[in-house]
Structure formats: structure tokens, C-alpha cells
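User: Please take me through this model by question and answer, with the cut-offs behind each term.

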Amino acid sequence: MPLEKNYNPSETEATLYDRWEKTGAFACNVNSDATPYTIMIPPPNVTGSLHMGHALTFTLQDILIRYHRMTGRDTLWQPGTDHAGIATQMVVERQLAEQGIDRRDMGRDAFIEKVWEWKAQSGGRITQQLRRLGASCDWSRERFTMDEGLNRAVAHEFVTLYREGLIYKDNRLVNWDPKMQTAVSDLEVEQKETKGNLWHFKYPIENSDEFIIVATTRPETMLGDTAVAVHPENEKLKHLIGKNVVLPLVGRTIPIVGDEYADPEKGTGAVKITPAHDFNDFEVGKRHNLPMINIFNQYAKLNDEVPEKYRGLDRFEARKRIVDDMEAQGLLDKIEPHVHVVPHGDRSGVPIEPWLSEQWYCDAKKLAEPAIKAVEEGRTKFVPEQWTNTYYAWMRNIQPWCISRQLWWGHQIPAWYGEDGHVFVEETEEAAHAAAEKHYGKKVTLTRDPDTFDTWFSSGLWPFSTLGWPDKTPELDRYYPTDVLVTGFDIIFFWVARMMMLGIHFMGDVPFKTVYIHALVRDAKGQKMSKTKGNVIDPLDVIDEFGCDALRFTLANMSTPGRDIRLATGRIEGNRNFATKLWNAARFCEMNGCAWDDAFDPASVKQTVNKWIVGEVKGAIEKIAETLDAYRFDLSSSAAYDFIWNTFCDWYLEFTKPILMGDDEAAKAEVRATTAWALGQMLHALHPFMPYITEELWSVFAPNKGMLLQAAWPDVSALRVDEAARQEMGWVMQAVGTIRATRSIMNIAPNVKIPLVHTKTTDQAKAWFTRHEALIVRMAQLDTITADVAPIAPMTLPDIPETMAFLEMEKVAIDRVQERERLKKEAGKVEAEIKKIDAKLGNASFVDRAPPEVVDEQRERRAEAEVLLAKLEAAQKSLAA
């Protein structure tokens, strides 16, 4: 069936993906003799829907999987979703609230049943959307972080670490979300710039008329102060160290301590210390053995540790009362407007409260030691390498890991308590009762710990729990460690570090050999995408408008190391045009009888143009493979683009048109066979990036050759580059390109045919002029080509090698003086632009503060301007001759 005039992605994508999935080719083969290649999908939240960050990370993973599948590896791309404790619980709570139902009224078991109902109805949305992106995961192995096998793995993990002394309970500060009433991780905290005040309070020195002034953004916490800190070298205040102050409104005597945390240059130089409600103060409190007084309950209301008049007040109501009371007592020195960053729960939207509470902790410092060593020894490498230092900085300063959450949805902690508080940590309730009976000598009632695990505690097992751990399975033996993890930098610490620590601890080896850190996707202006800014680009909308291939290719092509992606729909539209260019080229080939021939031997071609394109195909495929192996998605996609758009479409097809329209049947046959071969090779090489259009075209050109999904990567190792053909056709392209560029600068209309004359030409170039005269005349829109004739009104063509060539401008209607002035004016504009760019690049502040991609963009613009300026100046010089 011949190709349609236009490519219709929406018609192709759904049917093709269904065909792919039914082949079973996405699946790994544990019994294969092939070398395995494994990628673990970063499991998206079950609540999620596809956003542009997902589109980027899953596109890059799919490119790698499709490429390595074609090279003969036994690929496993392990899919799955994360139960996303707090996010999922919020979704279901919100739905229940719309019905006037509170989860606390219905009880834990009934609520969890509702969550499972929600998952059954809506939890598969993200995986369906991944299919729209073309993701060739092994869906037969799809996992969920709360499925039965992973539940068992998490219980085994906790019990093992507990028995090894690496898990314990402790009272420490946590990020407390008073709305969700749970501890949350730093990743679930959003820092919001807030307009507030800085209140300056006077604290009376004990047995003195003196005061020490402290400044705070949170007056309500003063009721929990247990010290005031000043820097030991603060000349103005160090004489107060060792004295006491009387805490206003409370009457408690608290010490003035010397601590370097108090910055003499900041505020008043004195800092109120509330160890139970500030992370920095907590550390000061530990250094000085200070009491830690928790003044809030789980709702962020003041508790019985404060004077009676403030008990039960919401923290913000208490703030107003305390400021009023301090003012009434003459202890309010001043109030200053103050813009500061306030942590908010990213799900609840309310300010986070640093809160002292008893939680389960994991000894992350001990687990981190071998994980640091593994990277130091090169067993796991970061790409780009710069992220290695970020990993070290986080891991070498790691704090105890709070693994408990006060949520109902999640893996419930397998710890049971007797009536006397004795804890029994076992993998199952039956084992806990057996242990309790042995401990007490009788059967007793046990109460299970109500808390659930931090999501990262379960997802940290992902690279091996999904393969069957803690059981010893053939999959675990074959596919662990995995080859590469593709992820964003924002979860290096939260997820990558956890997988490294737990993988090495439980498996004795790193979970992945390479960690590829990709960029963030921002809008065209470099701003972070957000609903509030209205600048979100929905990948599904983009797929609907431009097709999946255009989006995938754009994201890959813009994945330059160290540079965030500034995504504009214009760029995606440009790559939709690239797909159209490929489609039109394929239609041209089809209409000219170019058909795939298994028997074709590219090494046997006789014509120079065909020898040249064979070498170009070899070079392009080798570059694509080499750069993909180095995770340079930008360079590999550019190599494919450059070959197809420029080398194949703009040059080779144009070079061979006269042959196809000629009478030499043998020459035509060779061109047809070579064209089909070259197109086929590049459909294979482009397939990982643009799977849909390449598969569709391949099905037409080679209907009986199977699917590209299952095809082998092109083997061009035995082909050689014909250097003579490369030089000859390269010279022709240089000649045509130079003439076209000169015509463009001189504003010469396309229909104006101009003679070309050349002198001082080498014998080699003379032969090329003769052999390709008709081609150059047609492609450069010339009148004639004449050798060794003095031009009357010459326009120099300086960039054609091995000759002095000119365009004969005698018969071209052009005012040379006026044209020189126009060119001079254009050159002036370009020079001004170069000076403007130089001023920016010469500004150290700009270079240091601007994002690297902005600086690089300026340098690229300058280089382009230099090239244009040189051409304009050369044109002026030619007209002056």
C-alpha cells in the first residue's frame, strides 16, 4: 500500500503501539544467552499524570532501551508505580470530604479499602499515558510498591535493619505537617517567599536593669525558649555569656550561651534558642545540653507546656496575643517588615512546623559509608561527572533518616507493642505473637504501631525488590545490578542515595553502574513550569498537536549536559517538520521505485555519488551509536537529523535526480538500490528517537522484514569510506553552498541565472567542474560555467577550494554603489550586535550569575555573527573590485 501524501501521527500511534505490545518484544528473556541490559523506571506516583519532566526522563530511557534491544542485548525496562503515601491519601481524603466524610470517622481499615478502590479505578492512568509516549517497558512485569511481593520485601528490610541495630526510635525534630498530621521529607517541603515581620523583643537580664534584644519571625515559639545565644567573639555581647535572662510571659530563667551559630553581623547579634521548634536551635540545644520544650500539639496548637492563657490557641492566633502582651509589658523594641522563606507542605499548602516527636530512624550515616566508597572506586559513575560532588556533599553530611510517617496509606510498620510497651519487631503478625508469647510466657494482646514508612524506604529497594528479593530468583541473579538509572538531580539524595545504601547493604553490590542525571524542563524563558504561572506545557497536548515523535526528538535533541531545557512549541513544531521532511523523502523514494533489496551490497556500488553516500551512512550510524553510548542524546539526535535533512534529502536526493530521470538503466538501478539501503539504515538508526514514523515507513519499504522494534542495529563496521568520493562530493557541496550563500547575501532573485567563471583552477577541480557541471548549474541556479576567462564585473566566491571563482555580475541589474552601502549597513548592525554580546560576556557578574545555557547561547550568537560579518565584508570587497 503506497504512502499517504501526509503523515498522520494520531492514526499511526495508537495502532502501532498495540501491535508492538502484542508482539511480546518488550519483554525480557531470563533464559536468553544475550548480555542483559537493565533500566529500572523511576516509579511515578500512582496519583500522577504525565508531565513534561516525565516525558523527558521516559523518552531518554526508551531511547536507550530501544537502542540496546537493537544491538542484541536482552533488555529489561522494569515498569511500575509508587503508592505515594501522602499524595494518594490526600486525593482520597479530598474525594471523601466532598461527600462529607472524614477518614477518622470511618476508621483505618475502611479508609484503606477506599484507597484501593480508587487505585483500581484511577491508578492506571499514568501507565496508559506512558504508552502514548511510546515507552517500550516490559509491562508483563509491572509492579506496584504496595503489591504483595514488595510488601514482604519492605517488612524484611525493616526487621533485618532493626536486628542489625541500624533502626531505632528517637525524639528528634521533624518537618511536621499540621494539616496532614504527619512527618514529611524535605522533598515534600516547598520553600515559599513570604512577606512577614521581624519582631525585636527585649529579654530582661536576671538581677539587672539590662536587657538583651533578640529578633524573631515566629514570636509564638518564644514560650519554648530555653536559652539565648551570642557569638563568643561578639565584642558587644560576649560579657553576657554565662548570665541568665528571665523569659518574658513565662518567668522561666534561661541561660545566655556562647555559640558560633549566633552571627554578630546579623540582626541584634543575639539569637533566641527554641530547640524543640527550629532545626538549627536543636543542634545548639544538643551542644549545650539545653532542655527541649515542645509547646505545640499535632495540630500546631499550643499545649500545656505554656502559660494557661495561651493553651489551645492556634500558632498564628498565639503570635498575635504574644506580640500584644510583649508590647503591653514594654518589651517590644520594634517591628520591621521582613521578607523570608517559609517552608510549606507541598501537598497540604500549610506552613510546616519543626516539631519534636518520637519517630523511627535509620542509621543512614553507617549505610552511607560503603555507598560513598562505591562511587569513589568508580563502581557507580555519575553522568555528567559534576553530580558526583553533589552526591558526596549530601552523603558525607547525612543525618539520621526519619522513616516513619503518621499516615494510614502505606506500608504499616511491622512493630507490635505489649501492654508494658515492649516492642516486638517481626515480619508478620503471627511471628510477633509468637515472640510475645515466648517473652511473656503466655498469650497477650498486642497493638501494632500505627505509623507507615516513608515512601523512600520502600522505593529504595526498587532495583532488587522488583526482581523478587528477598527470594533468590533467576531474574535477580541476571538483571542486578542494573546498567543505568536515568533521573533528575532533585532526587539524587532522596532516591538515588537510598537505593545505593540499601542495594549495597542487602545485595552486596551497587544497584546501577551509571547514574545519568538529566536537566529540568523549563519554559521558553527559562522559568520553571507551574500552574500558577500558566506556563505549563502538557506533553499529551503536544502529542495531540505535533505527534509523539516530534516531542521525543525535541527532548532528546535539547538534552545538553549541564543545561536545562528551555522548551518552546516552536522547537517541537520544527521537529514535526523534520518528520514531514523524512516522510516526503520516503514518498519520493517510493515514487521513483526505490525498494529494499536484501541482496544489495553497498560495497559494490560504482558511481561516485553512491560511494559517497555509503560512507556518509557509515559515519552517521557510527556517530549516533558512539554518542548514545556516551549518553549524549543531543549529539546523537543531531547526527541523525543532519544526515537525514542535509546529507540525504538536500544533497543526495538532489544529486541523484538527474540519474533517475536519465536513460542509463544500470545507473538508475544502482541509485534506486543505494537510496533504499541508505534510507533503510537511517530508519533503523532513527528508530530509538522517533519510533512511530520510522516503523510506519519501514513497514512500507520492507513489508516482509518484520518490525524495527525487533530489528538489529545496522552493522556498518565492514564498510569503508571512499576518500576520493568523499572529497569530490564534498567539493561539489562546498561550491554549491558558497554560490547559494553569495546569492542570498546579494539579494539575487532565484530566477536570475548568473554565469560562473573560474581561473587558477587545479587539474582536480577542473575535472570536478567538468564532471558535475550540469549538477552545479542546476542546484546553484547558474547560467554557465566557464574556465580561464577574465570576468568583467566579478563577485568573488572565496570559499570554493582549489580555484579562484567568480560570479559574473555584468548582466545582473544591480547598483554596485547602492549594494555596497546596503552591505555596509548590514555589517554595521552585525558589528553592533557583536559589541553588545561582548559587553555581556565581558561582564564578570553576568558570566558568574547567568545560567550556563544563557552564557553559552550568547557565545553561540557571537560565533554566528562573526561568520555573517565575514561574508558581508567579503561581499563588499568583491563589489569594490
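Analyst: The residues lining the largest cavity comprise six nonpolar, three polar and three charged, where Ala, Val, Leu, Ile, Met, Phe, Trp, Tyr, Cys and Pro count as nonpolar, Asp, Glu, Lys and Arg as charged, and the others, Gly among them, as polar. This is a predicted model in which local features need pLDDT of at least 70 and side-chain atom pairs count only at pLDDT 80 or more, while totals for chains, interfaces and linings use all residues. Residues are numbered from 1 along each chain as its sequence is written, and side-chain values use heavy atoms, with hydrogens and water left out.

User: Which strand gives the most to the lining of the largest cavity?

Analyst: A cavity is a set of points on a 1 Å grid over the protein atoms alone where a 1.4 Å probe fits but cannot get out, and lining residues have an atom within 4 Å of a point. Helix 3 (85-98) and strand 6 (182-184) each supply at least two lining residues, helices (H or I, at least four residues) and strands (E, at least two) being DSSP runs numbered from the N terminus. With three residues, the one that gives the most is strand 6.

User: What volume does the largest cavity have?

Analyst: Grid points are joined across faces, edges and corners, and a volume is the space filled by probe spheres set on the points. By this rule there is one cavity of 30 Å³ or more. The volume of the largest cavity is about 70 Å³.

User: In what order do the three strands of the open sheet lie?

Analyst: Two strands pair if DSSP finds at least two bridges between them, and strand 7 (residues 189-204) pairs with strand 13 in the antiparallel sense over 13 bridges. The three strands form an open sheet with antiparallel pairing, in the order 8-7-13.

User: Which strands are the edge strands?

Analyst: An edge strand here pairs on one side only. The two are strand 8 (211-216) and strand 13 (332-345).

User: Why is Arg822 called partly exposed?

Analyst: Arg822 lies in helix 27 (residues 816-841). Buried means under 20% relative accessible area and exposed over 50%, with partly exposed in between (1.4 Å probe, protein chains only). Arg822 is therefore partly exposed, because its relative accessible area is 24%.

User: Which residues is Arg822 in contact with, leaving aside its neighbours within four places in sequence?

Analyst: Contact means heavy atoms within 4.5 Å. With those neighbours left aside, the contacts of Arg822 are Ile745, Met746 and Asn747.

Key
On a 1 Å grid over the protein atoms alone, a cavity is a set of points where a 1.4 Å probe fits but cannot get out, and a pocket is an open set with protein on both sides within 12 Å along at least five of seven lines; lining residues have an atom within 4 Å of a point.
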